[in-house]
Amino acid sequence: MNSIKSRGRHYISAILLVLVGVWFDQFTKTLAVDHLKGQDPFILIKNVFQFEYLENHGAAFGILQNKQIFFFIIVLIISVFIIWFYLHVPMTKKLLPLRICAVFIFSGAIGNFIDRLKLGYVVDFFYFKLINFPVFNVADIYVTLSAVFLAILLLFKYKEEDLNVLVNSLKKSRKG
């Protein structure tokens, strides 16, 4: 019974973290629309970093312009996988970073999905001019940093036996 309560608390915490993450992403995009749209870029560090409003009808680096149906399908697939993964990954302290990565990837996917659904494009506004990096937003930060952190965890933190426990747990959930 205690395990069920613990699992329930983890799920509630994850849902709350997703809601806060999506809210923060949407809040920053609202600020960008209200204060940056139709304005010159707001320069924080000249020739290095600025806030610049952009309506992104594609994906990162401007690829897949105006392919909204494709994005909806991808978000649906990613969301189903992340929810399935979160529900079936062992609730151990050692695997908590994997669950946190999943929550932030999900938050980012949902944040940009809301924009696509509501506006037909994603609002981007962070721009690293120094390296001419594509304009991005908070949801993109969630997804990118979580994916990098996930790769670091899988490559350097978790040992083979940790990954075997994870894979076996996921395999059992598919059969059961």
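Q: How many salt bridges are there in total?
A: Three salt bridges by the distance rule. Keep in mind that this is a predicted model.

Q: What lets such side chains pair at all?
A: Side chains of opposite charge can pair when their charged atoms come close.

Q: Which residues are linked in a network?
A: Asp25, Lys29 and Asp115 are linked through salt bridges.

Q: How far apart are the closest N and O atoms of Lys29 and Asp25?
A: They are 2.9 Å apart.

Q: And where do Lys29 and Asp25 sit relative to each other in the helix?
A: Both are in helix α1, residues 2–36. They are four residues apart, so about one helical turn separates them.

Q: What about Lys29 and Asp115, how close do the N and O atoms get?
A: The closest N and O atoms of that salt bridge are 3.1 Å apart. This pair links distant parts of the chain: Lys29 is in helix α1 and Asp115 is in helix α3, 86 residues apart.

Q: Are Lys29 and Asp115 buried or exposed?
A: Lys29 and Asp115 are both buried. Asp25 is buried too.

Q: Which residue does Glu55 meet in a salt bridge?
A: Lys37, with an N to O distance of 3.4 Å. Glu55 lies in strand β2, while Lys37 is in the loop between α1 and β1 (42–45), so the pair ties together parts 18 residues apart in sequence.

Q: What are the relative accessible areas of that pair?
A: Glu55 has 28%, so it counts as partly exposed. Lys37 has 41%, so it is partly exposed as well.

Q: Switching to strands. What does β2 pair with?
A: Strand β2, residues 49–56, is joined to β3 by six bridges, and the two run antiparallel.

Q: Which residue of β3 stands opposite Glu55?
A: Val123.

Q: How many of the residues of β3 are buried?
A: Six of the seven in strand β3, residues 122–128, so the rest of the structure largely encloses the strand.

Q: Last one, Leu119. Where is it placed?
A: Leu119 is in helix α3, residues 96–119. Its relative accessibility is 35%, so Leu119 counts as partly exposed.

Q: And how far is Leu119 from Leu145?
A: Their C-alpha atoms are separated by 25 Å. Along the chain, Leu119 and Leu145 are 26 residues apart.

How values were computed. Residues are numbered from 1 along each chain as its sequence is written. This is a predicted model: local features need pLDDT of at least 70, side-chain atom pairs count only at pLDDT 80 or more; totals for chains, interfaces and linings use all residues. Side-chain values use heavy atoms; hydrogens and water are left out. Buried means under 20% relative accessible area, exposed over 50%, partly exposed in between (1.4 Å probe, protein chains only). Two strands pair if DSSP finds at least two bridges between them. A salt bridge is a side-chain nitrogen of Lys or Arg within 4 Å of a carboxyl oxygen of Asp or Glu.
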